[in-house]
Amino acid sequence: MANEYQYKRVLLKLSGEALAGDLGYGIDPKVVDDLADEIAEIVHDGVQLAVVVGGGNIFRGVSGATEGMDRAQADYLGMLATVMNALALQDSFERHGVFSRVQSAINMQEVSEPYIRRRAIRHMEKGRVVILAAGTGNPYFTTDTTAALRACELDVDCLMKATKVDGVYDSDPKVNPDAKRFDSISYMEVLNKGLHVMDSTATSLCMDNKVPMIVFDLTVKGNISRALKGEAVGTTVE
């Protein structure tokens with residue numbers, strides 16, 4: 001039960017790319033299904049969960065900006081992509097018996113609630129998963145920054161960053177086979193070494209508010225549960 005878990009209230013940051021799986025683009029139903037399966041287990045055990053989802057599997061604001069599109073406009077497109085991902089997650093969660101609510105930072109009352117901090121906390125206390133869409137609602141802020149901001153606002157015990165890599169390395173393990181993985185590292189080291197765990201705004205926000213973060217590989221089944229129980233999964237940043 002919940003007493004096995006070290007962290008009772010957590011925020012899970014999912015990149016859009018993670019939802020694309022091996023397809024590389026769009027939403028891979030199998031990935032979403034497996035994820036819902038894992039989340040159902042921890043939520044039924046009493047862990048309170050919020051999810052921030054990116055939109056890179058559909059549209060990346062930054063790449064739009066580099067192709068000559070206005071940066072703010074590109075970022076708004078990216079935010080709308082995260083809403084599509086959030087609705088796909090909600091559908092999958094509810095098919096696995098997990099009640100959930102999508103809260104969007106951009107008003108879309110037909111498909112989501114507005115993001116209201118106290119309401120989000122109440123949903124979590126009642127065992128519902130809150131899926132936070134549309135980033136912060138502002139251009140120039142990434143979904144990593146959204147995750148850090150919401151983690152602080154919702155008073156979570158831990159921010160979990162789900163990636164395709166099994167932790168934080170001193171250099172890119174895909175490029176450098178001798179890259180060294182850290183079991184734990186401080187936020188200050190991450191900033192000083194310029195490690196791309198999250199963007200610097202998000203990293204500073206977590207550091208200033210003492211929110212620990214676990215960076216782990218989402219593609220290994222059961223990793224979410226193991227990380228929450230305090231097993232050595234991925235890298236802890238604190």
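1. Lys-13 stands opposite Lys-161 in strand 6, and Leu-14 stands opposite Ala-162 in that strand. Strand 1 (residues 9-14) and strand 6 run parallel and are joined by five bridges; strands here are DSSP E runs of at least two residues, numbered from the N terminus, as are helices, which are H or I runs of at least four.

2. Please keep in mind that this is a predicted model, in which local features need pLDDT of at least 70 and side-chain atom pairs count only at pLDDT 80 or more, while totals for chains, interfaces and linings use all residues. Residues are numbered from 1 along each chain as its sequence is written, and side-chain values use heavy atoms, with hydrogens and water left out.

3. Strand 6 (residues 158-163) has six of its six residues buried, that is, under 20% relative accessible area with a 1.4 Å probe and protein chains only. Cys-158, Met-160 and Ala-162 point one way, whereas Leu-159, Lys-161 and Thr-163 point the other way. In a regular strand the side chains alternate between the two faces of the sheet.

4. Strand 6 is also joined by five bridges to strand 10 (residues 213-217), and these two run parallel; there Phe-216 is the bridge partner of Ala-162.

5. Nine strands form an open sheet of mixed pairing, in the order 4-3-5-2-1-6-10-11-9, where two strands pair if DSSP finds at least two bridges between them. Strand 4 (113-114) and strand 9 (184-185) stand at the edges with a single partner strand each, so one side of each is left without a neighbour in the sheet.

Terms used: Buried means under 20% relative accessible area, exposed over 50%, partly exposed in between (1.4 Å probe, protein chains only).
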